[in-house]
Amino acid sequence: MLTPAEREAINTGPWFNSLSPSLRHDILRQTTVKRLRDGALIYARGDEPHRWYACAQGAVRMSSTSLSGRQTTLAYVEPGAWFGAMSVFLDEPRTRDAHAHGDTTLLCLDKDRFHALLTAHTGFYDALLRLQARRIRQTYSLVEDLNTLPLRARLAKQLLHLSRSYGTHTLDDPRELRIGLQLVQEELAQLLGASRQRVNQELKRMERDHCIRVDPQGLVIRDLAALQSIVREASLAGA
């Protein structure tokens, strides 16, 4: 069973919340819950697609592995997001590696039940199309950012995204948001397409400007408006 917080994360996810009540009910009725420890493999590139997933708690790290064995982090799947649909829909091998990042709870829907839902709910096709269209738009946006925004603005934009998905108010100052997702600088650098050294320099600069605070427990956003201003000014300059 999902905890109340996990169920809320699923039900309030933008895509899932847009589905008809009957489709949401049938999806949840046929899923199983899986709880994973940090680093647990969900699937690897080349695996057969046996299930479709949603993240209910924690995070899922999507990555690719080079021939030398080096892993590169591509994205994180946050609570409320569904992933892995296209491999199941096309019945083709997985194209990425997926690992639990922190203690993670997943909803899992077997491939046969996934296809049965497509037969039972014609609106499921349209919903999947909208889900993938959103992913494609996000991918184009990331490519555009890499080519038009300086690293400082890309970092600010990533921190704003993480604060929306994983931010919790600190006890000392309710205006501050602590990012609950634990990221080492190398992983953050990979998300931004930059070196760890350059990302570290920008983090220190933001800390001097009182935009953020770097604690042993993780990053704390001190001034959301300042980060938003960095992104806005860089976007206007690029335009």
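This is a predicted model: local features need pLDDT of at least 70, side-chain atom pairs count only at pLDDT 80 or more; totals for chains, interfaces and linings use all residues.
## A sheet of four strands

Let's start with the sheet. It is an open one, made of 4 strands in the order E7-E8-E10-E9, and the pairing is antiparallel. Strand E7 (167-169) and strand E9 (212-215) stand at the edges; each has a single partner strand, so one side of each is left without a neighbour in the sheet. From one strand to the next, the twist averages 30 degrees.

Now look at how the strands are joined. E9 pairs with strand E10 (residues 218-221) in the antiparallel sense over 4 bridges. These two strands form a hairpin, with 2 residues between them. You can find two of the facing positions yourself: Arg-213 stands opposite Val-220 in E10, and Val-214 stands opposite Leu-219 in E10. On E10 there is also a link to E8, where 2 bridges join the antiparallel pair. Here Leu-177 has Ile-221 in E10 as its bridge partner. As a general point to keep in mind, side chains in a regular strand alternate between the two faces of the sheet.

## Helices across the sheet

Helix H7 (residues 151-166) lies across E7, strand E8 (177-179), E9 and E10, and it runs at about 95 degrees to E8. Helix H9 (residues 196-208) lies across E9 and E10, running at about 120 degrees to E9.

H7 also packs against H8, at an angle of about 110 degrees and with the two axes 10 Å apart. Angles from 65 to 115 degrees count as roughly perpendicular, and H7 and H8 are therefore roughly perpendicular to each other. On the H7 side of this contact are Leu-151, Arg-154, Leu-155 and Gln-158, which meet Leu-188, Leu-191 and Leu-192 in H8. Sorted by type, the residues of this contact are 5 nonpolar, 1 polar and 1 charged.

## The nonpolar cores

Which residues have the most contacts inside the largest nonpolar core? They are Leu-159, Ile-179, Val-199, Met-206, Ile-212 and Leu-227, in a core of 30 residues. The elements giving two or more residues to this core are H7, E8, helix H8 (185-192), H9, E10 and helix H10 (224-238). H7 gives the most, with 8 residues.

Leaving aside its neighbours within four places in sequence, Leu-159 is in contact with Ile-179, Met-206, Ile-212, Leu-219, Ile-221 and Leu-227. There is also a second, separate core of 22 residues, and it includes Ile-27, Phe-124, Ala-127 and Leu-131.

## A buried serine

Finally, turn to Ser-63, found in strand E3 (residues 51-65). Is Ser-63 buried or exposed? The cut-off for buried is under 20% relative accessible area. Ser-63 has 0% relative accessibility, so this serine counts as buried.

What does Ser-63 touch, not counting residues up to four places away in sequence? Its contacts are Gln-71, Thr-72, Thr-73, Leu-74, Arg-96, Asp-97 and His-99.

How values were computed. Residues are numbered from 1 along each chain as its sequence is written. Side-chain values use heavy atoms; hydrogens and water are left out. Two strands pair if DSSP finds at least two bridges between them. Axes are lines fitted to C-alpha atoms, for helices over the stretch in contact, and angles run from 0 to 180 degrees between N-to-C directions. Contact means heavy atoms within 4.5 Å. A nonpolar core is a set of buried Ala, Val, Leu, Ile, Met, Phe, Trp, Tyr and Cys residues joined through side-chain atoms within 4.5 Å. Buried means under 20% relative accessible area, exposed over 50%, partly exposed in between (1.4 Å probe, protein chains only). Angles under 35 degrees count as roughly parallel, over 145 as roughly antiparallel, 65 to 115 as roughly perpendicular and the rest as oblique. Ala, Val, Leu, Ile, Met, Phe, Trp, Tyr, Cys and Pro count as nonpolar, Asp, Glu, Lys and Arg as charged, and the others, Gly among them, as polar.
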